[in-house]
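Work through the exercises below with the sequence and the model side by side. Try each task before reading its solution.

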Amino acid sequence: MSENKVCLLMVFTALFWSGAFITGKIAVLQFPPFALTFFRFLLALPFIFFLLYSREREKWLPKRNQWLPLTILGIIGTFFYHVLFFSALRYTTAINSSLIGATNPVLTTLMAVLFFKEHMTPKRLVGIIFSFSGVFLIVTNADWLLISTFNFNFGDILMFSAVFNWALYALLSRSFMQKYCLSPLMVTAYTFLVCVVISIPFVIAEDPASYLSKTSVAGWLSIAYMSIFASVLGYLIQLFAIEKIGASRAAVFVNLVPIFTIVQSVFVLGESFTLFKCIGALGIITGVYLATRSN
């Protein structure tokens, strides 16, 4: 598959993740963090294992030396990331979490250059700067009062931790897939399974009886969306992209999420679309183009 097609798939992944932002806001009001993480990936398991068994029937079970890397990836990129993310939303604002989340491509690229010997070109650096600037404009709407009142809190620390885990997961996944002959499909399936198993004792500790009777159809549909589109399709496409174009280039597409979120907010939630958001969207698109072009 050509790099252009891989990039197109990552655009769709950003679309899926933007929908997860909206559905996640609904679900987090009805489910505690560990339960939300557990149910999201539990519902995803039948779909991802059906795909794995259908396409890789002769090697759908991991070999003995593959279990450790799969477990590490499951803990870092699936369990830790989502628990930290959902927990952060309880303590910090959407503005803070969005800005911190936008540092993911920068952090991934820096870690790739420092620890994984990926090459940083001036064009890619300019693209990352453009993208982050665009996200900053979209989130703040160039409102100086909003910018000046930006304060760090416990939720921000949790969000930074989540971003770090995601960047580490993205970088390790490419290295592990190459070293241990792991396919994107196998990594996706078994990291989901690891997350579900590890979550069980924490879910029990959250006392399911105290909240399950209060959940709504909208809450469960939100989890179903995140399970199928944001988890199964999103993780699978991202891992495929990491394998083909590298973690730092794939990470830049995260900055497209605010654009799709704005579009959905305008049509679904009736929110306004300002000039600064338009400029920010153009900055993100320009940055993604520059940062993902081959040298």
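**Exercise 1. Find the partner of Glu 3 in a salt bridge, and state where the two residues lie.**

Step 1. A salt bridge is a side-chain nitrogen of Lys or Arg within 4 Å of a carboxyl oxygen of Asp or Glu. Side chains of opposite charge can pair when their charged atoms come close.

Step 2. Glu 3 pairs with Arg 249, and their closest N and O atoms are 3.1 Å apart.

Step 3. Glu 3 is in helix α1 and Arg 249 is in helix α11 (residues 247-251), so the pair links distant parts of the chain, 246 residues apart. Helices (H or I, at least four residues) and strands (E, at least two) are DSSP runs, numbered from the N terminus.

Step 4. Glu 3 is partly exposed at 31% relative accessibility, whereas Arg 249 is buried at 7%. Buried means under 20% relative accessible area, exposed over 50%, and partly exposed in between (1.4 Å probe, protein chains only).

Step 5. A search of the whole structure finds one salt bridge.

A note on the model: it is predicted, local features need pLDDT of at least 70, side-chain atom pairs count only at pLDDT 80 or more, and totals for chains, interfaces and linings use all residues. Residues are numbered from 1 along each chain as its sequence is written, and side-chain values use heavy atoms, with hydrogens and water left out.

**Exercise 2. Compare Leu 8 with Thr 13: is each one buried or partly exposed?**

Step 1. Leu 8 is found in helix α1 (residues 3-27), and Thr 13 lies in helix α1 as well.

Step 2. Leu 8 has a relative accessible area of 48% and is therefore partly exposed. Thr 13 has 0% and is therefore buried.

Step 3. Leu 8, Phe 12 and Leu 15 make a nonpolar surface patch of about 260 Å². Patches are made of residues with over 30% relative accessible area and no salt bridge; like charges are joined within 9 Å, nonpolar side chains (Val, Leu, Ile, Met, Phe, Trp, Tyr) within 5 Å. Accessible areas come from the Shrake-Rupley method with a 1.4 Å probe; for residues, only the protein chains shown count as cover.

Step 4. Neighbours within four places in sequence aside, Thr 13 is in contact (heavy atoms within 4.5 Å) with Gly 234 and Ile 237.

**Exercise 3. Check the span of helix α10 and locate its bend.**

Step 1. The expected span of a helix is 1.5 Å times one less than its number of residues. Helix α10 covers residues 217-245, and its 29 residues should span 42 Å.

Step 2. The end C-alpha atoms of α10 are 39 Å apart, which agrees.

Step 3. α10 bends by about 30° at Gly 234. The bend at a residue is the angle between axes fitted to the seven residues ending there and the seven starting there.

Step 4. After α10 comes Gly 246, with a positive phi near 95°.

Step 5. Helix α2 (residues 33-55) can be handled likewise: its 23 residues should span 33 Å, and its end C-alpha atoms are 33 Å apart, which agrees. α2 bends by about 40° at Leu 45, and the proline Pro 46 follows within four residues.

**Exercise 4. Where are Cys 181 and Asp 207 placed?**

Step 1. Cys 181 is in the loop between α8 and α9 (184-205), and Asp 207 is in the loop between α9 and α10.

Step 2. Neither is a glycine, yet phi is positive in each: near 55° for Cys 181 and about 60° for Asp 207.

Step 3. Cys 181 is exposed at 65% relative accessible area, while Asp 207 is partly exposed at 41%.
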